[in-house]
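Colleague: I would like a close look at one part of this model. Please keep it brisk and take me through it step by step.

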Amino acid sequence: MDARQRELAARIAGRRGAVRGPFRVWLHSPQMCERAESLGAFARFDCSLPRHLRELALLMAARNWDAQYSWNAHVHQAVEAGVPEAAVRAIAERREAVFDDAADRAFYRFCREVLEEHFVTDATFADSLAHFGPRGLVDTIGALGNFTMLGMCLNTFQVDLQADREPPFPDVRGHGRVDPEGDRP
């Protein structure tokens with residue numbers, strides 16, 4: 001690594017405990033890495049959404065992209081943050097998740113429509129806006145965009161799919177090449 005890459009790696013390790021997952025790939029482009037890390041930190045830790053909804057958005061994007069690494073890294077965090085286990089299982093199995101809380105239902109529906117339909121209905125938008133306001137919806141789109149980019153990176157570069165763990169999705173097949181040296185781009 002050059003000096004800039006070492007500097008970023010040290011910062012990432014300091015904030016996140018280690019340089020792993022997508023950061024091993026993104027460090028090949030220090031400018032991209034810096035911006036992706038900043039957006040990711042905002043989406044995960046600093047946006048206006050409560051923690052359980054940030055984790056729910058991450059799981060939904062991970063499932064949308066079949067991003068096993070991201071799913072495995074966050075599934076327990078999502079449950080600990082308050083996402084119901086039954087909802088997590090439904091998302092993993094591509095079934096409709098059920099939420100008791102009206103705001104959680106609105107958030108789930110909003111994210112699902114964005115990810116699956118690429119648009120939201122007027123009714124979904126209005127319901128979500130009433131619960132989260134404009135800032136919350138902008139933060140949701142930023143989080144989903146970040147987590148989507150994350151899933152694309154993890155899958156494209158086949159980042160550690162954790163061959164020792166059973167894939168959480170029934171349709172993830174044939175993947176799992178670990179590239180610890182970052183040799184694939």
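Colleague: Which residues of helix 7 and helix 8 meet, and at what angle do helix 3 and helix 8 pack?

Modeller: Keep in mind that this is a predicted model. Start with the whole. The protein has eight helices and zero strands. Along the sequence the pattern reads α-α-α-α-α-α-α-α. Of the 185 residues, 46% are buried. Among contacts with a separation of 6 or more, 63% join residues 24 or more positions apart. The accessible surface is about 9,600 Å². Carbon and sulfur atoms hold 53% of that surface.

Now go to helix 8, residues 122-156. Two packed helices are described by the angle between their axes and the distance between the axes. Take helix 7 as one partner. Helix 7 covers residues 102-117. Its axis lies 9 Å from the axis of helix 8, at an angle of about 50°. That angle makes helix 7 oblique to helix 8. The crossing of these two is right-handed.

Look at the residues next. Helix 7 brings A102, A103, A106, F107, R109, F110, C111, E113, V114 and L115. Helix 8 answers with T124, F125, D127, S128, H131, F132, L137, T140, I141, L144 and T148. Sorted by type, the residues of this contact are 13 nonpolar, five polar and three charged.

Turn to helix 3, residues 30-46. Helix 3 and helix 8 pack at about 130°, with axes 9 Å apart. Helix 3 is therefore oblique to helix 8. This crossing is left-handed. On the helix 3 side, the contact uses M32, A36, L39, G40, F42, A43 and R44. On the helix 8 side, it uses D139, A143, N146, F147 and M149. Here the types are eight nonpolar, two polar and two charged.

R94 sits in the loop between helix 6, residues 85-92, and helix 7. R94 and M60 are 34 residues apart in sequence. In space, their C-alpha atoms are 9.7 Å apart.

To recap, helix 8 packs with helix 7 at about 50° and with helix 3 at about 130°. The crossing with helix 7 is right-handed, whereas the crossing with helix 3 is left-handed.

Terms used: Residues are numbered from 1 along each chain as its sequence is written. This is a predicted model: local features need pLDDT of at least 70, side-chain atom pairs count only at pLDDT 80 or more; totals for chains, interfaces and linings use all residues. Side-chain values use heavy atoms; hydrogens and water are left out. Axes are lines fitted to C-alpha atoms, for helices over the stretch in contact, and angles run from 0 to 180 degrees between N-to-C directions. Helices (H or I, at least four residues) and strands (E, at least two) are DSSP runs, numbered from the N terminus. Angles under 35 degrees count as roughly parallel, over 145 as roughly antiparallel, 65 to 115 as roughly perpendicular and the rest as oblique. A crossing is left-handed if the near helix is turned anticlockwise from the far one by less than a right angle, and right-handed if clockwise. Contact means heavy atoms within 4.5 Å. Ala, Val, Leu, Ile, Met, Phe, Trp, Tyr, Cys and Pro count as nonpolar, Asp, Glu, Lys and Arg as charged, and the others, Gly among them, as polar. Buried means under 20% relative accessible area, exposed over 50%, partly exposed in between (1.4 Å probe, protein chains only). Accessible areas come from the Shrake-Rupley method with a 1.4 Å probe; for residues, only the protein chains shown count as cover.
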